[in-house]
Amino acid sequence: MPKLSAGLLLFRETDGAVEVLIGHPGGPFWARKDDGAWSIPKGEYLEGEDPWTVAQREFAEEIGKPAPRGPRIEFPPVRQPGGKIVTAFAVRGDLDLEGTVSNTFTLEWPRGSGTLREFPEIDRVGWFDVGAAREKLLKGQRPLLDRLAEALARGEPDGSRWH
């Protein structure tokens, strides 16, 4: 059974350009990686949990601020190269990034040292136009940008897929 994950793709329009909010994963594995390493705020959930509830919770944990309220669009799930299935929701909103702080995880580092260290799940967040976000995002999440563009081209949030 593949792992399930739910996340929130926050977007805004600035000077006619669509920008999305994405985060860079924390920890030593990602420290020297940039392009192709960023992610939407997301987290795993178990079968039977509500993905929208999970997406809001994970956004708050990884960004340190509640998910903006407003209409949302649920994208069809995407399968990342590692097999994880990501259900993502887009929400239009603006978020001041001052004061963002992520939850942490514990990892033995350096590996084999017996020393446990805490690292932020997301060590930085930023607003990126869609072109830059396409370069920054993990390959398996790039289709979310296409789905957002398609939804906006259809004139959503007036469409039936908005909740």
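This report describes the fold of one protein chain and then two of its residues.

## Basis of the model

The structure is a predicted model, in which local features need pLDDT of at least 70 and side-chain atom pairs count only at pLDDT 80 or more, while totals for chains, interfaces and linings use all residues. Residues are numbered from 1 along each chain as its sequence is written, and side-chain values use heavy atoms, with hydrogens and water left out.

## Elements and dimensions

The chain contains three helices and nine strands. Both kinds of element are DSSP runs numbered from the N terminus: helices are H or I runs of at least four residues, and strands are E runs of at least two. Read from the N terminus, their order is β-β-β-α-β-β-β-β-β-β-α-α.

The C-alpha trace spans about 55 × 40 × 25 Å along its principal axes.

## Contacts, surface and charge

Contact means heavy atoms within 4.5 Å. Among contacts between residues at least 6 apart in sequence, 67% join residues at least 24 apart.

The chain carries 22 positive and 26 negative side chains, and the centres of the two sets lie 5 Å apart. Lys and Arg count as positive and Asp and Glu as negative, whereas His and the chain ends are not counted. Each charge is placed at NZ of Lys, CZ of Arg, CG of Asp or CD of Glu.

## Residue S102

S102 lies in the loop between β6 (85–92) and β7 (104–108). This residue counts as buried because its relative accessibility is 14%. Its side chain forms a polar contact of 3.2 Å with the side chain of N103 and reaches the backbone nitrogen of I122 at 3.1 Å. A polar contact is a pair of N or O atoms within 3.5 Å; within protein, one must be able to donate a hydrogen and the other to accept it, and residues adjacent in sequence count only if both atoms are side-chain atoms.

## Residue T87

T87 belongs to strand β6 and, at 5% relative accessibility, counts as buried. Beyond residues up to four places away in sequence, T87 touches several others, including S5, Y45, P51 and F75.

Methods. Buried < 20%, exposed > 50% of the residue type's maximum accessible area, 1.4 Å probe, protein only.
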